[in-house]
Amino acid sequence: MLKEELKSIFKKHKSDNEIYHDLAQFHVREILLVTSLYDAFILEEEEKLNERIFGEYYNLDLSNVPRITNASDKDEVEQLLSKKYFDFAIITMRNQNLTPLELASLIRRIKPELPVFLLLYDNSDIAFLNQMRDKIDVFEKVFVWNRDTKVFLAIVKYFEDKMNVTNDTKVGLVRVILLVENSIRYYSRYLPILYNEIIKQTQSLITRDNLDGVKKVLRMRARPKVLMAVSYEEAVEIYEKYKDYLLCVISDIKFPLGGQIDDEAGIKLYKRIKNEESDLPYLLQSSESAYEDVAKNLGVSFINKNSETLSEDLTDFVLNNLGFGEFIFRDEDGDEISRAASIVEFKDLLRVVPSDSVLYHGSRNHFSAWLMARGEIQIAEHLEQLKVTDFPNADAIRNYIINVTKNVETSVSRGGVVDFNARFLDEENLILRLAGGSFGGKGRGIAFINTLLQSKELFEGIEGAAIRIPRTAIIGVEEFDNFIDANSLGKIHLDNDHEEVKKIFIECELSEELMRKLRIYLKKVKVPLAVRSSGMYEDSISESFSGIYQTFLIPNNHPSLEERLRNLTDAIKMVYASIYSKHARSYFDAINYRLDDERMAVVIQEIAGSNFGDVFFPHVSGVAQSYNFYPISRFKPEDGICIAAVGLGKYVIDAEKAYRFSPKFPKIDIIDPESQLRDTQSFLYGIDMKRNISDLAEGEDITLKRVDISDAEKLGVLNEVASVWDTQNNMLKAGLNLPGPRVINFAGVLKYDGFPLAKLLSRLLEIIESSMGLPVEIEFAANLDEKNPGFYILQLKPLIRSSEYFSIDLQDIDKTDLVLYTERGMGNGKLENISDIIYVDPEKFNKTETREMAHEIELLNSKMRQLNRAYILIGPGRWGTRDRWLGIPVQWAQISNAKIIVETDLDDFKVDASLGSHFFHNITSMNVGYLTVHQNNGRDFIDWGFLKNINPEEKTDHYIHVKTDKPFNVLMDGKQGISLIIKP
């Protein structure tokens, strides 16, 4: 039932963004997109995908913008293919029921001639694809999404160019760009850049040449086509067929020749072409810098694939060697009168253009199509139903369009993302776009949730609180690109450390347009603000990036507007600079991603909360996960888990002592009352509203204040969230009516239903998990004010990468052969190539020296990275905690080569596992085994005697590093939670 409700919601959302428009020649008209509901939302909404496509289509005077039809499961695929025609299908990697190969085979059985593209989620999926290399011929071509929706346009244009090129070269003398590249990763980057620059360059030619109306249309129709070859033979075939039309060649150096990878195939191709086309621009590119001298000797351009500025280098070549969608008002002869780049300019010009122009465009349905591309769907639908003959004259048409626009323009974008306008600042259900481009990871999740929240029927039966996202504005990645380019910062990370980068960024300027919008924004918004990172890779399905970048919370209460503007812009710049932190660089190295591939959006949110004296914070905040990796007693993993605290969510994210409960069973305690008393929250975080911000470069915490729970009680914060330990009866009693130690267990909310927190969380987790097709986490905050109770969703993220479970049969295991056994393991699969174990010597562990231990493991990890050796890491307490008394306070960069991480207890040192911390998310998203060994439960164990009998390779003050001749065998059963390490 829920699945059908969600399908209905997203089909409605989808229909508001579909664009129907008649243009000319062969163009893709119908696309079947087989993906999860979440991925479909991102492709459609994040970068106004159809708007981008339409801009080129309209200027090219083509006939039809593609209609994208979603299918989210096998049944929908079969049903749609039996009823509709499609030009091709696109399958993404994330589908719940079938693998991409199974889906492609299903489609081919139903429609044998239908081309099928595979869209990988990101570069990490390429390794998976290599495992089935002999089976991928079923796909027309494979592309990598990498959270850049421009690749979708590239797929469409690639297929259209392939179908059109023969006719277009013969009839219109259209030029051809030949791309020779067999790497999925790289051609998925090249094609979007090429198409973007081709369109720009073609338009600049029109302006420069001052062509008349007819020639403008011909020139736009005649944009260069891009053809791609993956082998020498294919490249020669294309060259021979289209050599009279070639504009340039972009070629890898190593690619197949004669069925085998040839180390100089690109050079051989150049020499082959050079004999006939001596002046043809040619670009060689390789991951080996030694070929740069070869290219120089040949007199051709060269790009190093490992360059930190690969995208910029490719763009420079296109711009230097090759020579979007405004509404062009034309007269009855088709000649241009004026141009409108925005809906505002469109309405202003529509009031004054001649009547024959109105008739010219009205008779061709241009108004409807252009407005539809800009999200003005309801306006366009009104117009599309009418004909010019329905009106007495041109002025009647003009007035009708203006009046319809005025009546529906605000309702069109309800629940969506709208371009910034001051009149939207009071709207609860809109996200404001302060700059163009991708929203980034956090932005995607927030936009997705906001769309869900517009469907109130999903939350029927839950009363007592308004459900919303905080008022949100997003600065798209285009501002980051402009900031880097305008201030010449593209290579800043090559010569500067993070501290220097921050100082440089603070002195640089954001764009004038963004500054203008922020000044308008701050004149209206005078509440505390969260300035959050939203990197392109952040909070993705395959890589978490949690805690890698920075978030700043600012009071935004200074009497001076200029001072508040300075604080906000400094926070934005510091978020940008966090890409270049040591922590971020190490993370990129660990997952084998390129730093220059990352781009940063920024999410600005009003902080949910209230003023309590001079401190601002919410009554409740926390994280909730739809899957509990550590269920106990009667609980199941699918029951989920919530970790909540009083005050700002930093307390939970930092893995402090917070309260845990299952949203499905909130009245059942997960831990006993005595443990609640021992591990209760002792302080909270709030925003210091009195402190003047001096320099945000000092760090994220500069604006925060710690408040003791005893002081929070005096502020009246604890009435619904605390209990008292009755020392006479050794039990907890809800409320604050008795003297005794205070315990934060949210009894008034969870056990006595003072606020529908558990119901909301349970329902939301169910809805979002169903939409995304895998376990999820949400961050939330809640205000418990009687007059205005509110629940705020701050962000969501995928919890783990979905995969098939590896199974362990304990009957086949002899525990005497094991180094380690645990029933609290997280991870899935089998590892057979690790010969190193680094463990904290139990006899030397001292919880007062955990900071020293963090430094020691960083040095050991650095050595292991240089040796390219993964290792198993074992230590007491929580790895990655920020509370040094609970474990060793490392960051991911300090243990990045550990493939298995083990948390254990000692006789005099026992703490809970680190569920809820950013560190925890990063290791799970990177498929690092994460094991907890409770040695006193009678089942889990570590064979310390075995480890001590191995001659150490190295000893430090606190660690012992051992290496065996043969590797350990690590087995992890993700479903049972059982993990074990077998002796060599």
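Predicted model: local features only at pLDDT ≥ 70, side-chain atom pairs only at ≥ 80, totals over all residues.
Let's start with the cores. The largest one holds 82 residues, and the members that touch the most others are Leu718, Phe746, Leu757 and Phe791. Which helix gives this core its largest share? That is helix H30, residues 757-772, which supplies nine residues.

Please find leucine 757 on your screens. Setting aside neighbours within four places in sequence, leucine 757 contacts Val620, Phe661, Val749, Leu750, Phe780 and Phe791. Phe791, you'll recall, is also on that list of residues touching the most other core members. There is a second, separate core too, with 79 residues, among them Met515, Tyr537, Ile554 and Val890.

Now for the sheet. Three strands form an open sheet in the order S30-S29-S31, and their pairing is antiparallel. At the edges sit S30 (731-734) and S31 (742-744), each pairing on one side only. On average, neighbouring strands here are turned by 40 degrees against each other, ignoring direction. Strand S29, residues 722-726, is joined to S31 by three bridges. If you'd like one to look at, serine 723 has valine 743 in S31 as its bridge partner.

Is threonine 680 buried or exposed? Its relative accessible area is 15%, which is under the 20% cut-off, so threonine 680 counts as buried. Beyond four places in sequence, its contacts are Lys657, Arg742, Val743 and Ile744.

How values were computed. Residues numbered from 1 in each chain as written. Heavy atoms only, no water. Core = buried A, V, L, I, M, F, W, Y, C linked by side-chain atoms within 4.5 Å. Buried < 20%, exposed > 50% of the residue type's maximum accessible area, 1.4 Å probe, protein only. Helix = DSSP H or I, 4+ residues; strand = E, 2+ residues; numbered from the N terminus. Contact = heavy atoms within 4.5 Å. Pairing = 2+ DSSP bridges. Axes fitted to C-alpha atoms, helices over the stretch in contact; angles between N-to-C directions.
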